[in-house]
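Try each task before you read its solution.

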Amino acid sequence: MGVTVLQPYPMPEGKSGAYIIDHLGKRLLSLGATHAGQFLVDCETFISTPQHGTPTRAVHVLHNSECPASTFSIIDNGTGKQVALVADNIFDLLMLKMTNTFTSKKQTKIESRGARFEYGDFVIKLGSVTMMEHFKGVLVEIEYKPCITLSYCWEMIREMLQGFLSINVGKEYPSYFTTQTIMNAMGQQQLHKQNDIYEPMDTIKQYLEQFTNYRKHVQMHSAMGGTVGPVMMNTVVGMGRP
Amino acid sequence: MDKLNLTLTAVKNLRSSVRQCFEQLADGTDGEGVEESRNKFVHDFQDRFGAINSQLREVEQLINGLQVPATAYHLGNTTFLAQETSQDRQALYPQLVNSYKWIDKVHDHSFLAFNNLNQNTLRRSYNYCSQKRQRLPFTSFNNDPDHIDKLLSEINHPPHTSYKVLRPFGSNAVAIVSISNVLKAAIVFKGVLIEWVTIKGYDEPLDHDDLWAESRYEVFRKVQEHAHSAMLHFFSPTLPDLAVKSYVTWLNSHVKLFLEPCKRCGKYIANGLPPTWRDLRTLEAFHEECRNS
Amino acid sequence: MAISSARESLSHALNNRFLPNLEYLLQGSILDSAVEHLMHRLKGLCDNVDTSPETFHDLEVCMSLRQPNTNQPLMLRVRRALGRDAPFQMRYLGQPEVDQRRPTLVRSCMDCACTNGILDFLTEMGFRLEFEYIAKGYMFRKGRMKITVSKLIKIVPGKQDMANEPISQSYIVELSVVAPTGQENVGEEMRVFAEQLKPLVQLEKIDYKRLGNIP
């Protein structure tokens with residue numbers, strides 16, 4: 001498991017998602033990368049039924065085809081505390097045992113799927129994000145397998161991203177690695193994750209961050225257009241980051 | 001035991017008498033209806049028959065006198081006599097042919113290997129000095145465990161590097177070197193000489209029982225290739241300690257394997273790999289393609 | 001080829017009956033003084049005898065969640081190996097069925113390995129601690145049957161590991177198989193094995209409902 005960076009691809013005006021993916025894929029192949037299968041990352045969010053005195057809790061359940069035997073889940077207790085868990089796939093069935101307390105928000109089921117490329121020790125995934133069958137955007141995932149801390153190989157990853165995405169990527173570390181806030185016994189703490197040893201959970205958290213952005217986006221649109229009822233309004237899940 | 005022997009002899013006697021008796025019966029009379037010879041024949045037969053009877057009685061008596069042995073007799077290989085002896089059903093022949101072929105092959109290969117190894121002048125650990133040119137024997141492969149320990153502890157290593165010395169093959173040392181969170185290397189010593197180096201990623205297992213498996217990552221396989229050529233470069237049988245020290249210093253420069261751009265082209269990635277080559281003298285980083293041009 | 005989602009492959013496993021989700025269970029107990037004899041018998045009968053019997057020393061924590069519109073709280077048991085680095089094991093156990101026609105107790109069962117954040121995770125979900133104890137003992141294997149001989153140790157709150165004392169003067173013996181739905185011959189296999197442990201230990205299907213609300 002190496003360091004992975006997730007980068008949303010800015011959508012140019014008037015281009016379809018399929019076109020962008022095709023374009024990027026061709027560029028990768030001409031660079032010397034080889035096509036190596038498909039991938040899928042999906043996310044389903046369960047919301048606790050409102051009870052007196054307790055804030056609404058959200059359980060995000062994610063899967064990554066790169067770790068096919070694991071289910072990743074992150075609980076957000078509504079007050080900014082998050083707990084992450086990696087479990088066997090059976091965890092999905094256990095969630096179904098709690099349907100009286102935690103109900104799935106089917107409307108916000110979101111996934112990123114697409115082709116997987118390999119270039120040397122790099123793995124590049126071009127994912128098109130869809131929510132309820134609607135296209136939302138393009139997420140580019142890039143993994144450098146031999147390295148386990150971002151601070152060692154960020155410049156390499158940045159060069160790769162700039163090389164074939166031809167977008168400007170800042171010199172500073174991606175926001176996920178710099179503004180990680182966790183709560184523990186000592187209260188809130190800022191962690192600088194760029195020096196930590198990378199774990200599969202970090203990939204999942206980055207996906208959740210991006211997925212949440214896409215969901216917020218939907219809500220903003222619907223709030224402006226006023227076409228979607230209040231059901232959708234409730235679906236935005238706080239990520240504990242102001 | 002004596003009793004048993006007596007019984008066995010009695011059984012043997014009985015068997016031979018019975019056999020003689022039947023032989024006589026089979027031969028029949030010699031004359032043509034001569035009364036005398038016929039009588040003699042019957043008489044002989046009765047004699048033999050009587051002898052058989054008495055011998056049979058003797059055998060029975062002896063058997064009754066035998067004691068049941070407390071433990072089973074150990075019969076050695078004779079126990080196998082009762083088993084199937086037909087060659088076709090034992091499938092011995094194909095096995096025999098196979099093992100013969102094996103031995104033949106082993107013989108051939110070892111002969112070729114022996115010849116090849118003798119021709120190889122690059123032998124580093126062993127020096128078979130011919131008697132004509134008697135030289136001072138090298139001390140570099142002399143095996144003094146304390147010396148290696150002392151040597152490795154003397155190498156002033158940066159804080160991000162750690163050494164662990166194992167001796168899985170008797171007195172020869174294997175040093176497992178972890179360089180920061182970047183890579184792990186196993187250096188196999190023969191005396192003070194470096195025999196082999198394996199480079200692996202930080203998250204890959206590197207145990208003393210699996211020192212020869214290659215890394216699953218392309219970059220570390222490439223680094224290992226370079227590490228081998230550097231090993232030959234630093235090889236110095238006259239100053240073995242210095243060779244080890246400078247080699248380890250060179251190896252330590254890989255701490256910035258992913259952090260340094262190529263000195264020549266200024267880029268990080270070429271052909272999907274970071275600059276994997278470190279200059280032997282200046283320790284500067286180069287892509288494999290960039291170092292000679 | 002399109003890649004199938006984790007949920008799809010899970011329901012595929014359920015529908016095709018290769019997801020083990022039923023536990024067949026027989027239980028009994030044996031006095032401390034006689035446990036040596038049972039160990040010898042098991043060593044003779046079981047598969048993993050070439051090495052000494054596998055030991056375990058686990059802390060089991062039972063967490064419960066009271067859900068609206070249901071009478072029974074949802075119980076999840078989390079097991080952690082003490083003195084060994086292993087993933088936490090979370091286990092869901094359904095209501096036991098004691099069917100007269102079946103030779104064993106049958107209950108639905110889901111085992112799930114987790115990272116060590118599980119207790120914190122469950123607490124945030126609203127689960128509350130129900131009870132906890134330490135189980136220490138030996139594990140044997142015979143085919144797909146698992147036999148555990150374990151001592152239950154109660155936990156004195158506030159005093160870690162030190163003053164913990166056994167719950168009783170006996171060992172609990174459990175014979176269990178976790179198998180997919182629809183494999184009825186498992187019960188018979190277990191009954192035959194339990195027969196061989198008599199009269200040292202009488203393995204039975206224990207009806208918890210009759211015992212009242214003893215955990």
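Axes are lines fitted to C-alpha atoms, for helices over the stretch in contact, and angles run from 0 to 180 degrees between N-to-C directions. The model is predicted.

**Exercise 1.** Find how helix α6 and helix α7 of chain B are arranged.

Solution. 
- Take α6 (residues 218-234) and α7 (residues 240-252) of chain B. Their axes come within 9 Å and cross at roughly 150 degrees.
- Angles over 145 degrees count as roughly antiparallel. Therefore α6(B) is roughly antiparallel to α7(B).
- The crossing of these two helices, α6(B) and α7(B), is right-handed.
- Now list the contact. α6(B) brings B:Ala227, B:Ala230, B:Met231 and B:Phe234. α7(B) brings B:Ala243, B:Ser246, B:Tyr247, B:Trp250 and B:Leu251.
- Sort the residues of this α6(B)–α7(B) contact: eight are nonpolar, one is polar and none is charged.

**Exercise 2.** Describe the side of chain C that touches chain A.

Solution. 
- Start with the counts. 26 residues of chain C are in contact with 31 residues of chain A.
- Next, locate them. On the chain C side, α1 (6-15), β5 (105-114) and α3 (118-125) each supply at least two residues.
- Last, sort this side of chain C: 15 nonpolar, seven polar and four charged residues.

**Exercise 3.** Which elements of chain A have the lowest and the highest mean pLDDT?

Solution. 
- Begin with the whole chain. The mean pLDDT of chain A is 83, and 84% of its residues reach 70 or more.
- Go to the elements of chain A. Helix α6 (residues 230-233) is lowest, with a mean of 38. Strand β3 (residues 58-64) is highest, at 94.
- Check residues 225-242 of chain A: pLDDT stays under 50 there. For this stretch the model has 26 contacts beyond four places in sequence.
- Where pLDDT is low, the predicted coordinates should not be read in detail.

Notes
Residues are numbered from 1 along each chain as its sequence is written. Chains are lettered from A and ligands numbered from 1 in the order in which they are written. This is a predicted model: local features need pLDDT of at least 70, side-chain atom pairs count only at pLDDT 80 or more; totals for chains, interfaces and linings use all residues. pLDDT is the predictor's confidence in each residue, from 0 to 100. Helices (H or I, at least four residues) and strands (E, at least two) are DSSP runs, numbered from the N terminus. Two residues are in contact if their C-beta atoms, placed from the backbone, lie within 7 Å. Angles under 35 degrees count as roughly parallel, over 145 as roughly antiparallel, 65 to 115 as roughly perpendicular and the rest as oblique. A crossing is left-handed if the near helix is turned anticlockwise from the far one by less than a right angle, and right-handed if clockwise. Ala, Val, Leu, Ile, Met, Phe, Trp, Tyr, Cys and Pro count as nonpolar, Asp, Glu, Lys and Arg as charged, and the others, Gly among them, as polar.
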